Amino acid sequence: MDEIRRQAQKGRGAISNTTSRYEREVRVLGDDGWGGSERPDEPVRTLLFDDSARTVISRNTSPDIVFERSVNPYRGCEHACVYCFARPTHAYLGLSPGLDFETRIFRKARAAELLATELRARSYVCKPLALGANTDPYQPVEREQRITRAILEVCRDFNQPVMVITKSALVLRDLDILAPMAERRLVNVALSLTTLDRDLARRLEPRASAPPRRLAAMRELTAAGVPVAVLASPMIPGLNDHELEAILAAAAEAGAVQANHILLRLPLEIKDLFEEWLREHAPNRADRVLSLIRQCREGELYRSRFGSRMKGTGPVAELLSQRFRLACRRLGLNGRDADLNCADFRPPPAPGDQLTLL
């Protein structure tokens, strides 16, 4: 049987649907000479499934991450960013980190209800929640599902501080919730801006908001009093790292007061998916980009060691970090907002609670 090579599809980041690392058998698209129902050039539709999670607050102890708790309304992400570090999590579901990750989306329809239950627990101690730490809370399906909005309503009602992480201008839909929360120091928003090049963004992050729309969202959030940070991430040596200063300058002009950057991470299946994407979309630069990444990762495409996995090591990574620090100092992006307010956390009366009758 001859294996058929998939072609890049419009609106999709991954090219292939590589088998999960937990599967014993490897699936390939092939031609046995008899024809078949699946064509490599046939568009892959997005399918939505229900997630059966019974809790929604995830906890981590990583020293590289500034938050301890997070909430993710969805598994999988239709934004289809080829570099997404969350792709390997789809393997836990028996699905591919490739096309499956961006076309098989699992919604946590009861997320707001479950969150309210967890926040009411007597043992709960208030700490900021990160909303969208794994997959984007404002991916396209959120327009109809409105799960993220329901979660924000719970956070508002409980005075639960939250950090929103997204690369979508859809966040502006919820300004009526975010702005009043910002007045009470209960929210900030971090917008990821990987490139200012619309063509590169279209190929690298096919269904995310275009760079100008993200900058416009920063302006509107800032005008509404919502603190905004820019995430110049991921920085990919030889592909978008030359834009670092321009990205930070554009974000500062749009109102961002803080910034961060992360070096491209390629754990597990992402290594092969990214190299496949690179050789399809930037063949003339592929070898150089991969070489520079190895120079930042001690000769490998990825090292997962705490303390260096986010920034890398070696001269290339150190120069990138130095450029970032100098640009932030020049642009005033080193500012630290006051800590999010945990002191006012207070669960409202539960439905049917006798307190509501007083």
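Predicted model: local features only at pLDDT ≥ 70, side-chain atom pairs only at ≥ 80, totals over all residues.
## Overall make-up

The chain has 358 residues, and 51% of them count as buried. Its secondary structure consists of 11 helices and 12 strands.

Among contacts between residues at least 6 apart in sequence, 79% join residues at least 24 apart.

## Nonpolar cores

In soluble globular proteins, nonpolar side chains tend to be buried together. Here, the largest nonpolar core holds 64 residues, and Leu-115, Leu-221 and Leu-248 have the most contacts inside it. Beyond its neighbours within four places in sequence, Leu-115 is in contact with Val-56, Ile-57, Val-71, Leu-129, Ile-151, Val-154 and Cys-155. Another core lies apart from this one; it has 24 residues, including Cys-84, Trp-277, Val-289 and Leu-290.

## Helix H5 and its cover

Helix H5 spans residues 175-183, and its buried residues include Leu-175, Ile-177, Leu-178, Ala-179, Met-181 and Ala-182. The elements that cover the buried residues of H5 include helix H4 (147-158), strand E9 (162-166), strand E10 (187-192) and helix H7 (211-223). After H5 comes Arg-185, which has a positive phi near 55 degrees.

Helix H7 also contains Ala-216. This residue counts as partly exposed, at 29% relative accessibility. Ala-216 and Ala-169 are 47 residues apart along the chain, but their C-alpha atoms are separated by 7.9 Å.

## A three-stranded sheet

An open sheet is formed by three strands in the order E3-E7-E6, with mixed pairing. Strand E3 (47-50) and strand E6 (74-75) are at the edges with a single partner strand each, so one side of each has no neighbour in the sheet. E3 and strand E7 (residues 104-107) run parallel and are joined by four bridges. Asp-50 has Arg-107 in E7 as its bridge partner.

## A surface patch

Tyr-22, Tyr-92 and Leu-93 make a nonpolar surface patch of about 340 Å². Tyr-92 sits in the loop between E6 and helix H1 (99-103). With a relative accessible area of 57%, Tyr-92 is above the 50% cut-off and therefore counts as exposed.

## Salt bridges

Side chains of opposite charge can pair when their charged atoms come close. The structure holds 22 salt bridges. In one of them, Asp-51 pairs with Arg-75, and the closest N and O atoms are 2.7 Å apart. This pair links distant parts of the chain: Asp-51 is in the loop between E3 and strand E4 (57-59), while Arg-75 is in strand E6, 24 residues apart. Asp-51 is buried at 16% relative accessibility, whereas Arg-75 is partly exposed at 34%.

Another salt bridge joins Arg-149 and Glu-153, with the closest N and O atoms 3.7 Å apart. The two residues are four apart in helix H4, so about one helical turn separates them. Arg-149 is buried, with a relative accessible area of 13%, and Glu-153 is partly exposed, with 28%. Asp-157 forms a salt bridge with Arg-156, where the closest N and O atoms are 3.0 Å apart. Asp-157 is partly exposed at 41% relative accessibility, and Arg-156 is partly exposed at 29%. Salt bridges that share partners also join Glu-142, Arg-149, Glu-153, Arg-173, Asp-174 and Asp-176 into one network.

Note on methods. Residues numbered from 1 in each chain as written. Heavy atoms only, no water. Core = buried A, V, L, I, M, F, W, Y, C linked by side-chain atoms within 4.5 Å. Buried < 20%, exposed > 50% of the residue type's maximum accessible area, 1.4 Å probe, protein only. Contact = heavy atoms within 4.5 Å. Pairing = 2+ DSSP bridges. Patch = residues over 30% accessible without salt bridge, like charges linked within 9 Å, V, L, I, M, F, W, Y side chains within 5 Å. Areas by Shrake-Rupley, 256 points an atom, 1.4 Å probe, with all protein chains shown as cover. Salt bridge = Lys/Arg side-chain N within 4 Å of Asp/Glu carboxyl O.
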